[in-house]
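Visitor: Please show me this protein, and let me ask about it as we go.

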Amino acid sequence: MKTPLSTHYLRYLFCIGVISSSACSSEIIDDPIGGGKAGEVFSGIDGSGGYVIAGERNMAGVDSPIGEEITGGEIMGGEVMGGEVMGGEVMGGEVMGGEVMGGEVMGGEVMGGEVMGGALPPLDQPAWVTMCQRWRTVQSALEGVLWTGDVNQCIAGDVNEVALSGVVELTNFYRSLADLDPVTGNLESVPALQECALMMQANGRLSHSPPAEWRCYTPEGAQKASRSNIAGSNAIDAIGMYMVDPGNETTMGHRRWIMSIGLESIGVGSASDFSCMEVLHLNRPQGWVAFPSPGPFPIQVSEDRWGRSIDQTGWTFQYDGLSLRDPQVSVTAFDLPDPTGAAVGQGVDCPIEVVTLRPNFGSAAALNLIPQGWTSEVGKRYVVRVEGESESIQYEVDIVDCGLAP
């Protein structure tokens, strides 16, 4: 979890932004509604949330929860604005903005692609080794999903415990990249989440609001569908899909829920080809999270099993309680410094399209930084700078290959 830069200068191993560079600076594109079509999702990822009860139609494979729960019920449509939802107040903290008073941004600047002050810090090799060791451990422990349910008899069934624990461990690996607290698995929610997955499997489609006419419908499963990321794949494969998040250009909601600062537990239900992951919560500590995350970032997690990449869907920056109105964002690439931290000189501007994402999908606000004509490379350091009216945040991502780790 990253705290506001106003109180101390945040430098991490990520991509520094060049504010003065026209090649890397971009205007914000405000897309509050999105371009989906109302209706049920017949296949693929559904990027619905806030405006469409049954989801926006796209064809990619997963769906993030609609709205957020407030005291007295769930928001099934409509957007949280300024802390109130059509007469109901969001409980549990601030939704938008807030200003951090005091403090001074310390450190250097990136001017015209050049790091001022001499040198970038070298790659954190111990962190690289530790991270890659954990990645290998998690991957080696993953086991295929074994589902005991039956669509013909509407039996929700169970999933092998090793697979369920693997989903939690894989989720926590992604969260650890951003220094987020680990989540626990909520076993009490599993039966209803299995009913959620069964409904999707039986009907061959995704919906946050499955109708009572669906095969194998249960009210408990439908309630979980409204609170979950849902995917047209088993629960293990869904994690990588959620993190790449294709088809959700206006929300990137699946990734944002998984990387939400306040997320404390998840529930998982899975059939052979569909799954539900309960993530909805209202806990919103102040701070920011980036993905790709600051520090050594493994190229192995930049794609899902179908070859779709975060360079195609975008790099996200999500935040709660920060004052970043009308931010300017930029990205600059450098070769990784040698172990002495020798000066790297001029960086290369990385053009991006900056999209303001719809609010309240795991964070009050978020930006999507979509690479234009470039892809992340092993051995490069990407420096990102987010410049608001009263706050500036800079972080650095080092793209590494866990296959080359010592």
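Visitor: How many helices and strands does the protein chain have?
Guide: This is a predicted model: local features need pLDDT of at least 70, side-chain atom pairs count only at pLDDT 80 or more, and totals for chains, interfaces and linings use all residues. Residues are numbered from 1 along each chain as its sequence is written, and side-chain values use heavy atoms, leaving out hydrogens and water. Helices (H or I, at least four residues) and strands (E, at least two) are DSSP runs, numbered from the N terminus. The protein chain has seven helices and 21 strands.

Visitor: What percentage of the 406 residues in the protein chain is buried?
Guide: Buried means under 20% relative accessible area, exposed over 50%, and partly exposed in between (1.4 Å probe, protein chains only). Of the 406 residues in the protein chain, the buried share is 58%.

Visitor: Is strand β15 enclosed or open?
Guide: Strand β15 covers residues 315-320. W315, F317 and Y319 point one way, T316, Q318 and D320 the other, and all are buried. With six of its six residues buried, β15 is therefore largely enclosed by the rest of the structure.

Visitor: Which residue of β19 is the bridge partner of Q318?
Guide: Two strands pair if DSSP finds at least two bridges between them. Five bridges join β15 to strand β19 (residues 365-371), and the two run antiparallel. In β19, the partner of Q318 is A366.

Visitor: Which residue stands opposite F317 in β15?
Guide: Look at strand β13, residues 287-291. Five bridges join β13 to β15, again antiparallel. Opposite F317 stands A290.

Visitor: Are the rings of W135 and F173 stacked, edge-to-face or tilted?
Guide: Rings of Phe, Tyr and Trp (its six-membered ring) pair if their centres lie within 6.5 Å; planes under 30 degrees apart count as stacked, over 60 as edge-to-face and the rest as tilted. The structure holds 11 aromatic pairs. In W135 and F173 the centres are 5.0 Å apart and the planes at 45 degrees, so the pair is tilted.

Visitor: How many residues apart in sequence are the parts that this pair ties together?
Guide: W135 lies in helix α1. F173 lies in helix α2, residues 161-177. Both are buried. The parts tied together are apart in sequence by 38 residues.
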